[in-house]
Amino acid sequence: MEEEKGTLVEELIDAVNEIASITDYRCTVKKQYCNLARRLKLLIPMFEEIRESKEPIPEDTAKALVSLKDALFSAKELLRFGSEGSKIYLVLEREQLMHKFHEVTAQLEQALSGISYQNLDISDEVKEQVELVLAQFRRAKGRVDTSDDELYEDLVSLYDKSSDSATDPAVLKRLAEKLQLMGIAELTQESLALHEMVSATGGDPEESIEKMSNLLKKIKDYVQTEYPDMDAPAREKNYHPNTRGQATLDGNHKAPVIPDDFRCPISLELMKDPVIVSTGQTYERSCIEKWLEAGHRTCPKTQQALTSTALTPNYVLRSLIAQWCETNGIEPPKRPSSSRPSKMTSAWSPAERAKIETLLQKLTSGNPEDQRSAAGEIRLLAKRNADNRVAIAEAGAIPLLVGLLSTPDSRIQEHAVTALLNLSICEDNKGSIISSGAVPGIVQVLKKGSMEARENAAATLFSLSVVDENKVTIGASGAIPPLVTLLGEGTQRGKKDAATALFNLCIYLGNKGKAIRAGVVPTLMRLLTEPGGGMVDEALAILAILASHPEGKTAIGAAEAVPVLVDVIGNGSPRNKENAAAVLVHLCSGDQQHLAEAQELGVMGPLVDMAQNGTDRGKRKAAQLLERMSRFNEQQKLAQAQAEAQSQSQPQTQQPRPSSTANAVDS
């Protein structure tokens, strides 16, 4: 019994000490939660005197102390919620949280009332202190403190609005100030807290996350636009290109709105290193790693259980972000160098390492059968998991595989290039592959290999081109013409591999001309109109990059692209409409013939719809085209009016021919 008493009292002391360690409550609940924590800390002396007493605890008091322990655990969770929870959530759910607060207060008051203080071996001073706490709980029970109704109403008005509707800047200013969301650190912390709070509820997290994230995004956009000197780690919101294409700081410059697809759902920042989790959602690597390290095993956005904690780089999205940055004159975000210990040390056992050594010996044996089987096995091992990719690279396989790219045996060649593709998934291996001189060999396979080898060679070039400096190396190696060839004649998978590689390479300005001169534009136009439309997304994305290049604009115009672009603007997906409009903007720049042709084909109606309902970039492109067409129509009307005026005045000025002259000529 004495042992049970000691355990119970220690649990009570630990619970109050944990409550005492919670600090810095959110501003919206600070007063009530600080008062609750202060009262509970006053119970410590009673617990300590009970622990030191030799007297047994009466049975009814023991039961009351057990109830008090449960109440303290509830209070601890509530207070932690008030310290770490989402500020937005705490305001929007104020009634539910106030109900919970009163519930916990009543639970504490009931447990304290059940203790027989006269039968406990505690000092009079402690009894008086506890009785004071109990009296405070009784007075607090059912009392409702005044809350900030304006703050609540402002949040509710934004919460119920659609994400695209305009918002009063004065409302956003009040919210940012009252919620203390004036810096990037506070905004990021709020985003993380929001996901954790919604994850812990039994409501409809998907809908709540979408609405609250949209609300937070509006606040963040306002703060970053109106307070450009906020402590943001990425300064791209304050930059725009100067005449040399470099970024310059301008506090008055209104930055373009970042598309939602390019923001991390957790931090709401433009993603630098986007990675995919097992549910298919994409997050900024550092944010999702913090989420996983906190012990969560669900997808923050969908709340689905993660089948794996593996993070796969989203190379396509990273390239799209880089393209968007280039289009908007923003410096592309640099991927942060990892502050974590290097993972280039595998966890392989000596036996497994010996197996790799044996395979590498076979690669150098000169025996085609041994080389074929070893390269095939390394290909499969490298595909299986990250540890294998690290161990194979550590063992020195990359230079040996590069050497096999020039072998006349097509099967060995295919295994070697595919093994390099799988190894390149590991970020640290990309540099090793480039430094081993792999690019010329990969290009040779792309030109002369089997169809599967060519597809995997294209995929390897794409993987390597994720690193910016590699785009230059690959473009200079002659890779672009064979990629264009594969884009035109490959299987569906081969076309997609070639398209993603070309898209990534053409983000670098120097490669755009190479692709245009290699004939990529006619090939892309064929893909846009081929039956099934399986390559429309990729073709339009590449055309949108190339249209900004003078040679690209000329080639697209010569390919009679306007009817196809107008059709996509009228009937395509939102992203394809956006890219088609972007191409048309470049074509119509200084060329009234294309402008007139698009107008005759009925583009005005779809453009008006896109300007109202399209993507953010689509709206801007549609508005640009509509403005140019309006100016063009005004010029046409003015020219027509001048022509009519001239034709009306001409009969009055023209003199009739004298008949005598006519007779003279006849004679």
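By class, the residues lining the largest cavity comprise five nonpolar, three polar and three charged residues. The model is a predicted one, and the cavity in question has a volume of about 100 Å³. Its lining consists of P259, F262, L320, Q323, W324, T327, A541, R575, E578, N579 and R617. Two elements, helix 13 (315-327) and helix 30 (574-588), each give two or more residues to this lining. Helix 13 gives the most, with four residues. In total, six cavities of 30 Å³ or more were counted. Rolling a probe the size of a water molecule over the atoms shows where empty space is left.

Helix 13 also holds A322. At a relative accessible area of 17%, A322 falls under the 20% cut-off and is therefore buried. The C-alpha atoms of A322 and K272 are 9.4 Å apart in space, whereas the two residues are 50 apart in sequence.

The chain as a whole contains 34 helices and five strands. Of its 667 residues, 48% count as buried. Among contacts between residues at least 6 apart in sequence, 70% join residues at least 24 apart.

In soluble globular proteins, nonpolar side chains tend to be buried together. The largest nonpolar core in the model has 100 residues, and those with the most contacts inside it are L401, L483, L487, V520, L524 and L584. Helix 27 (residues 536-546) gives the most to this core, with nine residues. Another core lies apart from it and has 43 residues, among them V29, F47, L112 and V130.

Within the largest core, L487 is one of the residues with the most contacts. When residues up to four places away in sequence are not counted, L487 touches K495, A498, A499, L502, V520, T523, L524, L527 and M535. One of these partners, T523, lies in helix 26 (residues 520-529). T523 has a relative accessibility of 7% and so counts as buried. Leaving aside neighbours within four places in sequence, T523 is in contact with V484, L487 and G488.

H549 is placed in the loop between helix 27 and helix 28 (550-558). The contacts of H549, not counting residues up to four places away in sequence, are with L509, K512, G513 and I516. Of these, I516 is 33 residues from H549 in sequence, and the C-alpha to C-alpha distance between the two is 9.2 Å.

In helix 16 (residues 386-394), the residues N388, R389, V390, A391, I392 and A393 are buried. The cover over the buried residues of helix 16 includes helix 14 (350-363), helix 15 (368-384), helix 17 (397-403), helix 18 (410-423) and helix 19 (427-435). Helix 16 is followed by G396, which has a positive phi, near 95°.

A further buried position is S83, located in helix 4 (residues 59-84). S83 counts as buried because its relative accessibility is 12%. Leaving aside neighbours within four places in sequence, S83 is in contact with I22, T23, D24, Y25 and R26.

Strands of a sheet pair through backbone hydrogen bonds, either parallel or antiparallel. In this model, an open sheet of three strands has the order 4-3-5, and its pairing is antiparallel. Strand 4 (282-284) and strand 5 (312-313) stand at the edges with a single partner strand each, so one side of each has no neighbour in the sheet. Strand 3 (residues 274-276) and strand 4 run antiparallel and are joined by three bridges.

Technical notes:
Residues numbered from 1 in each chain as written. Predicted model: local features only at pLDDT ≥ 70, side-chain atom pairs only at ≥ 80, totals over all residues. Heavy atoms only, no water. 1 Å grid on protein atoms, 1.4 Å probe; cavity = no way out; pocket = protein on both sides within 12 Å on 5 of 7 lines; lining within 4 Å. Points joined across faces, edges and corners; volume = space filled by probe spheres on them. Nonpolar A, V, L, I, M, F, W, Y, C, P; charged D, E, K, R; others polar. Core = buried A, V, L, I, M, F, W, Y, C linked by side-chain atoms within 4.5 Å. Buried < 20%, exposed > 50% of the residue type's maximum accessible area, 1.4 Å probe, protein only. Contact = heavy atoms within 4.5 Å. Pairing = 2+ DSSP bridges.
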